[in-house]
Amino acid sequence: MDPNFDGEALEPDGWMWVRGVDYVAGWRSPVDAATELKGAMDEAGIDTAEIMWTASTTTDGSGVLRLSLPVEAALALANAAREEALRWRRAGA
């Protein structure tokens, strides 16, 4: 990317695009993952209203999902994951 890029306007020539890489499919993957994660968090009773979800791709077309979430949502997600892990351990014992 151009080191002089100030973030004010998208400069397509400032990005590295690789011919033949399906960036759309790579982008669609994190969009789908965000939908799944939001649904799971909603089902767990976690407030997702203030979470910012950003789907993008790397230069090789791999999808990336970036989250920015309030501390309360992060702690609730960690708690839900721990509870599920504990449930799985108990079921396997």
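Arginine 28 counts as partly exposed at 44% relative accessibility; buried means under 20% relative accessible area, exposed over 50%, and partly exposed in between, with a 1.4 Å probe and protein chains only. The residue sits in helix 1. Its C-alpha lies 7.9 Å from that of alanine 55, although arginine 28 and alanine 55 are 27 residues apart in sequence.

This is a predicted model, in which local features need pLDDT of at least 70, side-chain atom pairs count only at pLDDT 80 or more, and totals for chains, interfaces and linings use all residues. Residues are numbered from 1 along each chain as its sequence is written, and side-chain values use heavy atoms, with hydrogens and water left out.

**Overall composition**

The protein has two helices and two strands, where helices (H or I, at least four residues) and strands (E, at least two) are DSSP runs numbered from the N terminus. Along the sequence they follow the pattern α-β-β-α. Of the 93 residues, 13% count as buried. The protein exposes about 7200 Å², and carbon and sulfur atoms supply 56% of that area; accessible areas come from the Shrake-Rupley method with a 1.4 Å probe, and for residues only the protein chains shown count as cover. Contact means heavy atoms within 4.5 Å. Among contacts between residues at least 6 apart in sequence, 46% join residues at least 24 apart.

**Helix 1**

Helix 1 covers residues 23-43, which is 21 residues. From its first C-alpha to its last it reaches 31 Å, close to the 30 Å expected at 1.5 Å a residue; the expected span is 1.5 Å times one less than the number of residues. Tyr23, Gly26, Pro30, Ala34 and Met41 are buried in this helix. Seen down the helix axis, these buried residues fall within an arc of 85°, so they line one face of helix 1; the arc is that of the directions from the helix axis to the C-beta atoms. The buried residues pack against strand 1 (52-57), strand 2 (63-68) and helix 2 (71-92). On the face turned away from the buried side, helix 1 carries the exposed residues Thr35, Glu36 and Glu43.

At the N-terminal end, aspartate 22 caps helix 1, with a side-chain oxygen 3.3 Å from the backbone nitrogen of valine 24. Just after the helix, glycine 45 takes a positive phi of about 80°.

| Residue | Relative accessible area | Class |
|---|---|---|
| Aspartate 47 | 54% | exposed |
| Threonine 48 | 8% | buried |
| Alanine 49 | 66% | exposed |

Threonine 48 touches Lys38, Met41, Asp42 and Trp53, not counting residues up to four places away in sequence. With lysine 38 there is a polar contact between side chains, at 3.4 Å. A polar contact is a pair of N or O atoms within 3.5 Å; within protein, one must be able to donate a hydrogen and the other to accept it, and residues adjacent in sequence count only if both atoms are side-chain atoms.

A polar atom of the aspartate 47 side chain lies 3.0 Å from the backbone nitrogen of alanine 49. Both of these residues can also be placed relative to leucine 69. Aspartate 47 is 22 residues from leucine 69 in sequence and 10.0 Å from it in space, C-alpha to C-alpha. For alanine 49 and leucine 69, 20 residues apart along the chain, the C-alpha separation is 9.3 Å.

**The strand pair**

Strand 1 and strand 2 pair in the antiparallel sense over six bridges; two strands pair if DSSP finds at least two bridges between them. Their hairpin has five residues between the strands, and glycine 61 in this hairpin takes a positive phi near 90°. Threonine 54 stands opposite arginine 66 of strand 2.

Serine 56 belongs to strand 1 and counts as buried at 18% relative accessibility. Its side chain forms a polar contact of 2.6 Å with the side chain of arginine 66. Leaving aside neighbours within four places in sequence, serine 56 is in contact with Gly26, Trp27, Pro30, Ser62, Gly63, Val64 and Arg66.
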